Amino acid sequence: MGRAKIKRGSTNIDMTAMCDVAFLLLSYFILIAEFKPAEAIEVNPPSSVASKAAPQTDAFLVSISPEGQVFVQLSEEMKGDVIEEISTARNLNFSAEDKSLFKQSLFIGTPLSQLPQFVRIKPENLHSVKLTGIPIDSTNNELEAWINAALNVYKGKKINWLIKGDNNSKYLVFRDVINSFKKNEVFKYQLVTNAEDIPAESELARKPQKTEGTE
Amino acid sequence: MAEMEAKGGGGHKKGPGVKKSKKLSTRVDLTPMVDLGFLLITFFIFTTTMSQPTAMNLAMPKDTDKPDELNKVKESGALTLMMGKGDVVYYYFGNDPTKLQTTGYKDVRKIILDKKKNTPVDDFFITIKPNRDATYKNAVDILDEMAINDIKRYAMIDPTEDEYKLIQLTEQAGGIK
């Protein structure tokens, strides 16, 4: 049985380098990942085939909770000017402390009259407090006032009007929100949705893909 | 050490004057660690792209009181979709709401496409009327359907009182709550 022994090369590869790369990439991705912006309230938006990412800057986001309350989230850069504007427009005389606390608050969840108390609620307690939302009924439409204030602050510049409704919120509330926008002569909105695949074999899938998001 | 070596390694040949002490390899098999690393990378990549919310454009027309500024819709090309409670869609062709038919969100695409195929492009017009029991999801689903089926002309308005009553009657007859 004189079989010639073939010297085989070792199958062990030095994994150290690969391991280094893997963890380098891992730490890079973890560090670069942005945390989800703090949610005002639990809102699960419906899904749509829209593929354009929702803008985050210069955004005026109206959220509609499942119970039909309306909340507004302003972009950081907007907050300071908007609170000044609405304070003078409505003669509310917010104190300097109110205003600085407002800039730190995550969202607006109460009528204007209760705003000083609202901004003093600590973020961790927000879930236990029952919020009334911004009134949008025809007799006292404060959403309209907020939109107006934002428009006055951003004269001529473009604001991204975002509407984010919950799956189970009523269409009527959505219509009231749209009507508040319409009264301020704002007609173009973006509805925040979750991404969904375009169904195969549909007209949209067959259409030559244009760059979406052109207005 | 030397004694142990002598006992345990009896069969070993010892070199002249050299004591071979067996060194443990310092090499660790890194394969599972690399596996884990890449698994985490893939996880992070997937979750970051998935959580990105998208935005759907919606443009509403300005309300007008002048009837001559309103768009006229040809009866032959009109399709009206109404959304009621319990995720039911009601639809009718033309101008006669009494010819109401019922469908669901899964089948509405077929109805839209059938109508689209049989109508000249310029005549085709869809009127979306979510009634007061519809949810926001219903409205977005139908608007999404417009995008999926590449519908150019559509409008979203409130149903008339008559249409609402018809829907209510149909709902009662069908036992939809």
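This is a predicted model: local features need pLDDT of at least 70, side-chain atom pairs count only at pLDDT 80 or more; totals for chains, interfaces and linings use all residues.
Residues are numbered from 1 along each chain as its sequence is written, and chains are lettered from A and ligands numbered from 1 in the order in which they are written.

Helix α5 of chain A spans residues 142-153 and helix α6 of chain A residues 171-183; they pack at about 45 degrees with axes 9 Å apart. Axes are lines fitted to C-alpha atoms, for helices over the stretch in contact, and angles run from 0 to 180 degrees between N-to-C directions. Helices (H or I, at least four residues) and strands (E, at least two) are DSSP runs, numbered from the N terminus. On the α5(A) side, L143(A), E144(A) and I147(A) meet V177(A), S180(A), F181(A) and K183(A) of α6(A), contact requiring C-beta atoms, placed from the backbone, within 7 Å.

Between the chains, 38 residues of chain B are in contact with 51 residues of chain A. Elements giving two or more residues to this side of chain B are α2 (31-50), β1 (54-59) and α4 (136-148); α2(B) gives the most, with ten residues.

Strand β5 of chain A (residues 188-195) pairs with β1(B) in the antiparallel sense over six bridges, where pairing requires at least two DSSP bridges. Within β1(B), A55(B) is the bridge partner of V192(A).

Notes: Two residues are in contact if their C-beta atoms, placed from the backbone, lie within 7 Å.
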